[in-house]
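Keep the structure open beside the text.

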Amino acid sequence: MSDCLFCAIVQGDIPADIILRTDRVIAFRDIEPKAPVHVLVIPVDHHPDVPSAALADPALGAELLQAAAHVAAAEGVAQSGYRVVANTGSDGGQSVHHAHLHVLGGRGLTWPPG
Ligand code: AMP
């Protein structure tokens with residue numbers, strides 16, 4: 001999709017610190033990390049948000065969550081715990097309208113997040 005930041009990262013037009021890539025999903029470090037581990041997991045194909053992606057392609061929804069689990073293991077937070085977040089829409093605090101999961105960990109995370 002034109003004018004989509006994360007599509008540009010998928011295409012390699014904008015650099016990113018990519019730590020996992022499959023045919024359908026990539027994961028890269030958030031440019032403004034909110035925790036010691038802060039990785040974004042996104043579908044290669046453009047979907048506006050994670051619930052929409054899962055409705056359009058249920059297998060893709062599962063692949064995004066599986067990738068989040070792989071990222072957590074690779075980043076060493078699977079045992080200590082981590083948070084998977086899908087900000088969705090305006091009130092959900094979503095700023096980039098290409099589906100993405102945040103994988104956050106490496107410190108104690110408060111709830112609610114604010
Ligand atoms: P959200 O607010 O849930 O839409 O999350 C978007 C996330 O994308 C924010 O945490 C940003 O810090 C992150 N972000 C924005 N631009 C980039 C970029 N070029 N590379 C990596 N992460 C980015």
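Which residue in β5 is the bridge partner of valine 37? The bridge partner of valine 37 there is glycine 105.

A word on the source: this is a predicted model, in which local features need pLDDT of at least 70 and side-chain atom pairs count only at pLDDT 80 or more, while totals for chains, interfaces and linings use all residues. Residues are numbered from 1 along each chain as its sequence is written, and side-chain values use heavy atoms, with hydrogens and water left out.

**The sheet**

Helices (H or I, at least four residues) and strands (E, at least two) are DSSP runs, numbered from the N terminus. Two strands pair if DSSP finds at least two bridges between them. With those terms in hand, 5 strands make up an open, antiparallel sheet, in the order β1-β2-β3-β5-β4. β1 (18-21) and β4 (82-85) each have a single partner strand and stand at the edges, so one side of each is left without a neighbour in the sheet. On average, neighbouring strands of this sheet are turned by 20° against each other, direction ignored; axes are lines fitted to C-alpha atoms, for helices over the stretch in contact, and angles run from 0 to 180 degrees between N-to-C directions.

| Residue | Bridge partner |
|---|---|
| alanine 27 | valine 41, in β3 |
| leucine 40 | histidine 102, in β5 |
| valine 37 | glycine 105, in β5 |

β3 (residues 37-43) and β5 (residues 101-105) pair over 5 bridges in the antiparallel sense, and β2 is joined to β3 by 5 bridges, also antiparallel. β3 is mostly covered, with 7 of its 7 residues buried (under 20% relative accessible area; exposed is over 50%, partly exposed in between, with a 1.4 Å probe and protein chains only). Val37, Val39, Val41 and Pro43 point one way from β3, while His38, Leu40 and Ile42 point the other way.

Helix α3 (residues 58-74) lies across β1, β2 (25-29), β3, β4 and β5, and runs at about 155° to β3. Contact here means heavy atoms within 4.5 Å.

Valine 10 is found in helix α1 and is buried, at a relative accessible area of 14%. Not counting residues up to four places away in sequence, valine 10 touches Arg21, Ile26, Ile42, Pro43 and Val44.

Histidine 47 lies in the loop between β3 and α2 (50-56), and is buried with a relative accessible area of 14%. Beyond four places in sequence, the contacts of histidine 47 include Ser52, Leu60 and His97.

**The largest pocket**

The largest pocket has a volume of about 720 Å³. Of its 31 lining residues, Asp30, Glu32, Lys34, His38 and His102 are the closest to its centre. On a 1 Å grid over the protein atoms alone, a pocket is an open set of points with protein on both sides within 12 Å along at least five of seven lines, and lining residues have an atom within 4 Å of a point. Grid points are joined across faces, edges and corners, and a volume is the space filled by probe spheres set on the points. α1 gives the most to the lining, with 3 residues.

Definitions and conventions
1 Å grid on protein atoms, 1.4 Å probe; cavity = no way out; pocket = protein on both sides within 12 Å on 5 of 7 lines; lining within 4 Å.
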